[in-house]
Every structure is written in structure tokens, then in C-alpha cells.
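This briefing concerns one protein chain.

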Amino acid sequence: MYNRKNQTNMKHFILALAAVTMMSITTMAQETESNQNSKPKFDKTEMIQKRTEMIAKKYDLSDAQQKQLLALNTKYADKLGRPMMGKRPGRPEMNGRGMRPDSMQQKRPEMTEEQNTEMKAKREEMKATMDAYNKELQSIMTPEQFQKYQEDSKNHMKRGEGEHRP
């Protein structure tokens with residue numbers, strides 16, 4: 001009798017231990033998955049540095065030009081916002097034409113006159129800020145570098161107006 005009781009207790013102990021182990025593994029897996037899916041933290045200084053390095057490399061800027069560009073990008077960081085690089089987390093996939101599938105298309109609600117006016121003012125403000133940035137950038141770059149920068153900017157704007165990348 002004593003032997004059977006010990007065996008039963010041992011079975012219950014092993015089952016309880018297995019259950020606790022399974023729950024711990026499941027919890028750890030969920031934590032790891034949620035950590036991988038969380039958005040990376042936005043570091044403004046790092047983004048300014050990356051933008052500066054990207055432009056310096058693309059337009060072959062000297063060290064002196066790079067330092068001036070870093071100061072310029074830092075000055076305009078809050079006014080121009082962060083550049084969009086690559087696919088943003090949580091954004092729906094696009095189809096081959098650079099558009100969301102029809103099932104994801106949403107019709108924009110009509111804007112009020114006040115909203116239209118506000119949006120127009122923001123666009124004009126952003127354009128003025130970009131013009132000021134470009135004027136200062138022109139003083140940093142050589143004429144050849146700035147011309148290539150302007151061509152690239154125009155091509156980028158065209159893609160935004162409907163000529164999406166394949």
C-alpha cells in the first residue's frame with residue numbers, strides 16, 4: 001500500500017512539474033515574439049547621423065562638407081521630420097504596382113473647407129522649409145553635387161505623383 005501511494009504521488013509530482021515547465025516555455029516564447037514584433041525605438045540623433053551618412057556617401061561629400069551637412073540636418077530635423085526608409089512596420093503590403101490591394105483601398109472622407117485651408121498652409125510651410133534647407137545645402141555642396149541632388153529629388157517627387165516603383 002505504501003509503495004502505491006508513493007508511486008501515485010510521484011506521478012502527480014511529475015505531471016505538475018511538466019505542466020509548470022510547459023507554461024514557462026509558452027510564456028517565454030510569447031515574450032520573445034512580442035519583443036521581436038515591437039517597433040524599434042526612434043533615436044533622433046541616430047536618424048540624423050544616418051541621413052547625413054547616406055547623403056555624404058551618395059554625393060561623395062568631403063569630411064568638411066559632411067560636418068556642415070550634419071549641422072544642417074540637425075538644425076532642420078524637427079522641421080522636416082524623419083525620412084521614410086524602407087517598409088514601415090505594421091504597414092500593409094503593396095501589390096506589384098505599388099498600390100494596396102483593392103480589398104485594402106479606403107475612400108478618403110471629404111475634407112471641410114477649414115481642413116483644406118489648414119492642409120494648404122502646412123504644405124506651403126513645408127515647401128518654404130524645404131526651400132530654405134536646399135538653399136543652405138547648395139552652399140555646402142559643389143554645383144555638380146547639388147545638381148545631382150536636385151535631379152534625384154525631382155525623380156523622387158515624380159514617383160510620389162503616381163510613377164511608383166515596380
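The points below are grouped by topic.

The model is predicted. The protein chain contains 5 helices and 0 strands, in the order α-α-α-α-α along the sequence.

- Of the 166 residues in the protein chain, 13% count as buried.
- The protein chain exposes about 14,500 Å², of which carbon and sulfur atoms supply 55%.
- Among contacts between residues at least 6 apart in sequence, 60% join residues at least 24 apart.

**Packing of α3 and α4**
- Helix α3 (residues 63-80) packs against helix α4 (residues 113-140) at an angle of about 175 degrees, and their axes are 10 Å apart.
- Because angles over 145 degrees count as roughly antiparallel, α3 and α4 are roughly antiparallel to each other.
- The α3 side of the contact includes Leu69, Leu72, Tyr76 and Leu80, and the α4 side includes Met126, Met130, Tyr133 and Leu137.
- By class, the contact of α3 with α4 has 10 nonpolar, 4 polar and 3 charged residues.

- The whole structure holds 3 aromatic pairs.
- One of them joins Tyr59 and Tyr149 edge-to-face, at 5.9 Å centre to centre with 75 degrees between the planes.
- Tyr59 lies in the loop between α2 (44-58) and α3, whereas Tyr149 lies in helix α5 (residues 143-160), so the pair ties together parts that are 90 residues apart in sequence.
- Tyr59 counts as buried because its relative accessibility is 7%, under the 20% cut-off; Tyr149, at 8%, also counts as buried.
- Tyr59, Phe146 and Tyr149 form one aromatic cluster.

How values were computed. Residues numbered from 1 in each chain as written. Predicted model: local features only at pLDDT ≥ 70, side-chain atom pairs only at ≥ 80, totals over all residues. Heavy atoms only, no water. Helix = DSSP H or I, 4+ residues; strand = E, 2+ residues; numbered from the N terminus. Buried < 20%, exposed > 50% of the residue type's maximum accessible area, 1.4 Å probe, protein only. Contact = heavy atoms within 4.5 Å. Areas by Shrake-Rupley, 256 points an atom, 1.4 Å probe, with all protein chains shown as cover. Axes fitted to C-alpha atoms, helices over the stretch in contact; angles between N-to-C directions. Parallel < 35°, antiparallel > 145°, perpendicular 65-115°, else oblique. Nonpolar A, V, L, I, M, F, W, Y, C, P; charged D, E, K, R; others polar. Phe/Tyr/Trp six-rings, centres within 6.5 Å; stacked < 30°, edge-to-face > 60°.
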